[in-house]
Amino acid sequence: MSAPIANRHYWLPVVTGHYDKARHAFLGARWDGRCSDTSVCGEEVPMAQPSEMDWILAPSCLECMRVLSGRPAE
């Protein structure tokens, strides 16, 4: 089993496809305003200030959760 990521991380709802949103994890303490980044699960995504509805409606990325927990891929 691989070790979990030890660095600090934060979650941010982002657009992942054609207006699909998901909460992805990113390394660091908090979002610093950059316009794009690579999530913990390896997806390059555009970033913007999320609304309250984004936080409510966007599901968490299961792959980010798997990587952060250190569980092996299935």
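Biologist: Let's start with E63: is this residue buried, exposed or partly exposed?
Modeller: Keep in mind that this is a predicted model. The relative accessible area of E63 is 35%. Buried means under 20% and exposed means over 50%, so E63 comes out as partly exposed.

Biologist: Thanks! Which residue forms a salt bridge with E63?
Modeller: The closest N and O atoms of this pair are 2.6 Å apart.

Biologist: Staying with helix 2, what do its buried residues pack against?
Modeller: The buried residues in question are C64, R66, V67 and L68. The elements they pack against are strand 1 and strand 2.

Biologist: How many bridges join strand 1 and strand 2?
Modeller: Strand 1 takes in residues 9-15 and strand 2 residues 21-27, and they pair in the antiparallel sense. In one of these pairings, V14 has A22 as its bridge partner. The number of bridges between the two strands is seven.

Biologist: Which residue in the turn of that hairpin has a positive phi?
Modeller: Strand 1 and strand 2 form the hairpin with five residues between them. The phi in question is about 65 degrees. The residue is Y19.

Biologist: Now to S39: is this residue buried or exposed?
Modeller: S39 lies in the loop between strand 3 (36-38) and strand 4 (44-46). Leaving aside neighbours within four places in sequence, S39 contacts H24, A25, F26 and C64. Its relative accessibility is 5%, and because that is under the 20% cut-off, S39 counts as buried.

Biologist: Which residues are linked in a network of salt bridges?
Modeller: R34 forms a salt bridge with D32, with the closest N and O atoms 2.8 Å apart. R34 also forms one with D37, where the closest N and O atoms are 3.3 Å apart. The linked residues are D32, R34 and D37.

Biologist: Stepping back, in what order do the elements of the protein chain run?
Modeller: The secondary structure comes to two helices and four strands. Counting from the N terminus on, the order is β-β-β-β-α-α.

Biologist: Last one: what share of the accessible surface belongs to carbon and sulfur atoms?
Modeller: The protein chain has 74 residues, of which 30% count as buried. Its accessible surface comes to about 5,100 Å². The share belonging to carbon and sulfur atoms is 56%.

Methods
Residues are numbered from 1 along each chain as its sequence is written. This is a predicted model: local features need pLDDT of at least 70, side-chain atom pairs count only at pLDDT 80 or more; totals for chains, interfaces and linings use all residues. Side-chain values use heavy atoms; hydrogens and water are left out. Buried means under 20% relative accessible area, exposed over 50%, partly exposed in between (1.4 Å probe, protein chains only). Contact means heavy atoms within 4.5 Å. Two strands pair if DSSP finds at least two bridges between them. Accessible areas come from the Shrake-Rupley method with a 1.4 Å probe; for residues, only the protein chains shown count as cover. A salt bridge is a side-chain nitrogen of Lys or Arg within 4 Å of a carboxyl oxygen of Asp or Glu.
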